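Let's take a friendly walk through a protein model. Have a look at the sequence and the 3D view below, and then we will go through them step by step.

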Amino acid sequence: MTGAIAMLRLPRKKRAVRHRSSKLWTGTSILAAMLVVGVIVNLTADPIAQDLTQRLIPPSLAHPFGTDELGRSVLIRALAATTLDVPLAIGAALLPAILGTLLGLLAGYGGRIADTVVMRLGDMLQAFPSYVLMIVVVFIIGPGINAFLIAIATINWVAYARLVRSQVLVIREMDYVHAARIGGLGGARVALRHVLPNALPQVIVYLAADAVLALILLSGLSFLGLGVASPTPEWGLMINQGRLFVQSAWWLTVFPGLMIVIAAAGFSLISDALDDWSRV
Amino acid sequence: MTQLKFIALRLVQAVPSILAVSVVSFLMLRLVPGDPARVLAGPRASDATIAQVRASMGLDQPLVTQYLLYLGRAINGDFGVNLTGSSPVLEIVGNGAVVTGTLAIVALIFTVIISLTLALLAARRPEGIADHIARVYSVGGLALPSFWVALMLIVLVALPTGWFPVGGWPTDFGARLNAVFLPALTLALSLSPILVRSLRSSLLEVFGSDYVLSARSIGVGKRRLLWSYVVRNALLPSIPLVAVIVGFLLGGTVVVESAYNLPGLGQILVGAVSNRDANVVQGIVLTLGTMIILVYLLADVLLSLVDPRARQS
């Protein structure tokens with residue numbers, strides 16, 4: 001029975017490989033193109049320049065995405081925001097990944113006390129939804145990008161620590177690790193040079209998925225008025241400011257929202273491709 | 001292990017987690033730079049009020065004593081009053097919890113209906129059209145920010161049709177369900193992509209299993225086969241995931257309630273952070289954290305009821 005299913009699946013896998021690399025390509029190209037356009041817009045136009053004679057103009061040839069309540073071009077602001085949102089999402093995914101990987105190595109390789117402390121701390125933090133913990137951090141240190149980064153590092157390391165720890169527990173008993181130990185290498189060196197590289201592929205898969213979440217969380221926090229401060233162009237903040245005019249000036253909320261969707265879809269495609277690849 | 005023993009054990013295991021949540025909500029205020037009495041009394045409090053808060057809350061005592069005092073008050077349902085002193089935090093949190101609870105339950109029902117329908121259609125013919133749609137949905141759905149979807153639904157559905165109120169909390173139960181319809185749908189759209197994928201793969205696994213084959217060979221009817229054999233078994237591995245989703249859901253309410261102007265815990269929390277209303281923030285964090293631990297507990301117990309194997313681990 002299982003043999004028959006496996007035979008049926010064989011040709012499909014080949015197709016999946018091509019599919020997979022095209023997804024990776026599309027995702028990367030979308031984000032790269034957005035970033036390039038964003039950088040060019042930031043260099044050539046001023047996203048915070050106001051023109052109070054040109055307020056709330058619907059999309060036209062002169063202003064393809066319309067203008068906001070201060071006469072700023074929504075197109076320029078939406079494109080310029082890419083250089084803030086996308087790198088921040090990547091950074092916000094990387095920060096907890098690094099922290100969690102190191103803590104996972106410590107838990108898996110550093111003895112029982114370290115293991116218990118790290119894993120219990122993780123359990124405790126997991127009881128809070130990420131938005132709630134994020135808002136707690138905002139309450140403690142005040143709104144802004146720093147609060148966002150600290151919050152996301154505090155919350156998201158747990159998944160990586162669990163992942164790396166469980167892999168370390170397996171890899172630790174492999175012959176090549178024993179050999180390295182017998183060869184006289186110290187614990188830290190074995191952990192970083194022999195155990196870590198083998199745990200990394202899974203970490204990278206998580207990383208891409210977390211970039212999607214980080215982008216949504218960042219724009220969500222700004223939407224709540226607790227993230228990036230005005231007048232910096234940021235998609236969530238633009239949507240927050242546009243919601244007052246949601247009936248009369250739809251372009252203020254629709255276009256920044258679409259930018260989030262496109263960027264998040266780019267990250268999603270990459271994460272999906274990496275996920276397929278790790279399963280084969 | 002008997003069922004009762006298992007439930008008792010899980011209950012006992014939940015106690016340290018709830019204590020941990022209380023420690024976090026307690027330490028939260030102590031981590032704010034500056035004098036905790038000033039934080040609690042609010043940004044515009046006079047020196048006399050601050051001194052009074054310090055004395056009444058025992059803020060001049062050691063940290064451990066302060067925590068025990070806090071825990072004692074919390075157990076008695078005393079979370080203090082809000083900044084303006086107009087209402088007790090317990091009452092504010094209680095009112096908000098009704099809104100958020102209703103929203104979360106309706107959203108969970110929507111999430112399960114959407115996910116199960118899509119997963120069933122997808123698993124019926126792998127690599128078929130429905131399967132591709134489900135796949136695009138499970139990847140693309142995560143890319144939709146719920147606050148934006150909320151605004152789009154307000155503009156495209158709520159305002160033109162006038163069927164749904166935008167904001168506020170009616171007193172009538174039917175009107176309440178109406179008020180949470182779109183917010184719950186928004187939450188379900190952002191949560192079901194996670195569930196669709198896992199349901200699809202567990203459905204496929206069950207479809208291909210020997211017991212379904214033998215049930216079919218002894219002539220079990222199509223409908224009965226689907227609901228009592230396939231769906232029931234395929235749902236099992238998703239129950240722990242549902243608990244995780246409820247965690248996401250309670251977090252998601254923060255944003256969705258703000259977008260729809262629903263006076264739930266999330267909206268109150270955001271408002272309290274902006275006003276620096278420390279008692280309210282503390283009360284809500286403690287409530288939400290405890291609620292999530294209880295949901296995890298409930299999921300464990302439910303899973304053990306439908307699948308006795310879960311009791312073994």
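What pLDDT does chain A average, and what share of its residues score at least 70? This is a predicted model, and chain A averages a pLDDT of 85, with 92% of the residues at 70 or above. For chain B the mean pLDDT is 85, and 99% of its residues reach 70 or more. There, confidence is lowest in H2(B), at a mean of 80, and highest in helix H5 (residues 89-124) of chain B, at 92. The model as a whole scores ipTM 0.84 and pTM 0.86.

## The two chains

| Property | Chain A | Chain B |
|---|---|---|
| Helices and strands | chain A: 10 helices, 0 strands | chain B: 13 helices, 0 strands |
| Buried share of residues | chain A: 48% of 280 residues | chain B: 39% of 313 residues |
| C-alpha box along the principal axes | chain A: roughly 75 × 50 × 35 Å | chain B: about 80 × 55 × 35 Å |

Now think about contacts within a chain. In chain A, 70% of the contacts with a separation of 6 or more are between residues 24 or more positions apart. In chain B, 70% of the contacts between residues at least 6 apart in sequence join residues at least 24 apart.

## Where the chains meet

How many residues of chain A are in contact with chain B? There are 36 of them, and they meet 38 residues of chain B. On the chain A side, the elements that give two or more residues are helix H4 (112-126), helix H5 (130-141), helix H8 (187-223) and helix H10 (251-279). Sorted by class, this side of chain A has 25 nonpolar, 8 polar and 3 charged residues.

In soluble globular proteins, nonpolar side chains tend to be buried together. The largest nonpolar core here has 166 residues, and those with the most contacts inside it are Met134(A), Ile135(A), Ala214(A), Leu215(A) and Leu269(B). H8(A) gives the largest share of this core, 19 residues. Pick out Leu269(B) in the view: leaving out residues up to four places away in sequence, it touches Ile135(A), Val254(B), Val281(B) and Ile284(B).

## Two helices of chain B

Helix H1 (residues 3-31) of chain B has 29 residues and reaches 42 Å from its first C-alpha to its last, close to the 42 Å expected at 1.5 Å a residue. Its buried residues are Ser17(B), Val21(B), Ser22(B), Ser25(B), Phe26(B), Met28(B) and Leu29(B). What covers them includes H4 and H5 of chain A, together with helix H2 (36-41), helix H4 (63-75) and helix H13 (278-306) of chain B.

Why does helix H9 (residues 210-217) of chain B lie largely in the open? Of its 8 residues, the number buried is 0, so H9(B) lies largely in the open. After H9(B) comes Gly219(B), whose phi is positive, near 90°.

## Details in the loops

Phe245(A) lies in the loop between H9 and H10 of chain A. Its C-alpha atom and that of Asp68(A) are separated by 9.3 Å, although the two are 177 residues apart along the chain. Leaving aside neighbours within four places in sequence, Phe245(A) is in contact with Leu56(A), Glu69(A) and Leu252(A).

Pro231(A) is in the loop between H8 and H9 of chain A. A cis peptide bond joins Ser230(A) to Pro231(A), with omega at about 5°.

In chain B, Glu127(B) has a positive phi of about 70° although it is not a glycine. Glu127(B) sits in the loop between H5 and helix H6 (129-140) of chain B, and it counts as exposed because it has 10 C-beta neighbours inside 10 Å. Arg276(B), in the loop between helix H12 (265-275) and H13 of chain B, is not a glycine and has a positive phi of about 55°. With 16 C-beta neighbours inside 10 Å, Arg276(B) counts as partly exposed.

Note on methods
Residues numbered from 1 in each chain as written. Chains lettered and ligands numbered in written order. Contact = placed C-beta atoms within 7 Å. Helix = DSSP H or I, 4+ residues; strand = E, 2+ residues; numbered from the N terminus. Nonpolar A, V, L, I, M, F, W, Y, C, P; charged D, E, K, R; others polar. Buried ≥ 20, exposed ≤ 12 C-beta atoms within 10 Å, placed from the backbone. Core = buried A, V, L, I, M, F, W, Y, C linked by C-beta atoms within 7 Å. Expected span 1.5 Å × (residues − 1). pLDDT = per-residue confidence, 0-100.
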